[in-house]
Amino acid sequence: MPEHREGTPERFRALESFLWHDFADGAPGWLVWNQRLWPEVPEAEVTTSCANALQLHQALRSLQAHNNGIDSGAPDEAAALLNQLIVTHGVRPAVDTEGQVALTTAAQGNPTARLLVLALQAMQLGVWRRFKVCRDATCGASYFDASKAAVKAWCSMDTCGSRNKMRRYRTRRLQEGT
C-alpha cells in the first residue's frame with residue numbers, strides 16, 4: 001500500500017507519512033524518516049525529539065483507531081498525552097493581522113512539535129476524523145479516508161476489504177450449514 005493516498009490534503013502529507021510508518025526500530029527509523037522529510041533539521045534535534053515523537057505516534061494511532069470504531073484501549077490516555085505534549089512543546093494560538101488564529105510552537109525546528117501542530121490543525125479543521133487505522137486486525141495500516149462520507153473501514157478494498165468480506169461470507173455459509 002502506498003504511503004500517500006489520493007485525496008490527502010497536501011498540508012497534511014507529513015502527518016500522513018508519520019502515521020503510516022510504524023517506527024518499530026525506534027530512534028533509527030525516526031532519524032531516517034526525518035532526514036527524508038526534513039533534511040534541514042539538525043540530527044541532534046531529531047535525536048533528542050525521538051522519545052516524544054514515539055509517544056505522539058502512539059497517542060495519534062490510538063485516536064486513529066478510535067476514528068474507525070476500533071477499541072483502541074484508551075482514547076482518554078491518548079488525549080491526556082497530547083495535552084502533555086502541547087505543554088512540553090509550547091503549542092499556543094497566535095493571531096495574525098487578518099484576525100485568523102493559527103497554532104504555533106516555541107520549538108519551530110523540532111520535528112515532533114511540527115507534527116503535533118499538524119495533528120492539532122487537522123483536529124481543529126475537522127479533518128482528523130478522516131485519519132484512520134485499518135479495521136483488519138492483521139493489517140493495522142494507517143490511511144486517510146478521502147471518501148465523500150468518510151466511512152471507509154479498510155486501508156484497501158483490494159486486500160483488506162476483500163479479505164474481510166470473504167471471511168464474513170464464509171462464516172454465514174457455515175452458519176447456514178451449506
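## Ground rules

The model is predicted, so local features need pLDDT of at least 70 and side-chain atom pairs count only at pLDDT 80 or more, while totals for chains, interfaces and linings use all residues. Residues are numbered from 1 along each chain as its sequence is written, and side-chain values use heavy atoms, with hydrogens and water left out.

## Overall fold

Let's start with the whole chain. It has seven helices and four strands, where helices (H or I, at least four residues) and strands (E, at least two) are DSSP runs numbered from the N terminus. Their order from the N terminus is α-α-α-α-α-β-β-α-β-β-α. Along the principal axes, the C-alpha atoms fill a box of roughly 65 × 40 × 30 Å.

Of the 178 residues, 42% count as buried; buried means under 20% relative accessible area, exposed over 50%, and partly exposed in between, with a 1.4 Å probe and protein chains only. Among contacts (heavy atoms within 4.5 Å) with a separation of 6 or more, 51% come from residues 24 or more positions apart.

## Two nonpolar cores

A nonpolar core is a set of buried Ala, Val, Leu, Ile, Met, Phe, Trp, Tyr and Cys residues joined through side-chain atoms within 4.5 Å. The largest one holds 35 residues, and Leu15, Phe18, Trp30, Leu60 and Phe131 touch the most other members. Helices α1 (13-20), α2 (27-37), α4 (50-67), α5 (75-88) and α6 each supply at least two residues of this core, with α6 giving the most, seven residues.

Leu15 shows how such a member is placed: leaving aside residues up to four places away in sequence, Leu15 touches Leu60, Leu115, Leu118, Ala119, Ala122, Trp128 and Phe131. A second, separate core has seven residues, including Cys134, Ala141, Ala153 and Cys155.

In α2, the residues Gly29, Trp30, Leu31, Trp33 and Asn34 are buried. The buried residues of this helix pack against α1, α3 (43-48), α4 and α6.

The aromatic rings deserve a look of their own. Rings of Phe, Tyr and Trp (its six-membered ring) pair if their centres lie within 6.5 Å; planes under 30 degrees apart count as stacked, over 60 as edge-to-face and the rest as tilted. The count comes to 10 aromatic pairs. One of them is Trp30 with Trp33, stacked at 5.7 Å centre to centre with 15° between the planes. These two tryptophans are separated by about one helical turn, because they are three residues apart in α2. Trp30 has 0% relative accessibility and Trp33 has 2%. Trp33 also pairs edge-to-face with Trp38, at 5.6 Å centre to centre and 85° between the planes. Phe18, Phe23, Trp30, Trp33 and Trp38 form one aromatic cluster.

Strand β1 (residues 91-95) runs antiparallel to β2, and five bridges join them; two strands pair if DSSP finds at least two bridges between them. Pro93 stands opposite Leu103 in β2. Five residues lie between the strands of this hairpin, where Gly99 takes a positive phi near 85°.

## A buried asparagine

Asn110 sits in the loop between β2 (101-105) and α6 (111-125), and is buried with a relative accessible area of 9%. Not counting residues up to four places away in sequence, Asn110 touches Glu45, Ser49 and His89. The side chains of Asn110 and Glu45 are joined by a polar contact of 3.2 Å. Such a contact is a pair of N or O atoms within 3.5 Å; within protein, one must be able to donate a hydrogen and the other to accept it, and residues adjacent in sequence count only if both atoms are side-chain atoms.
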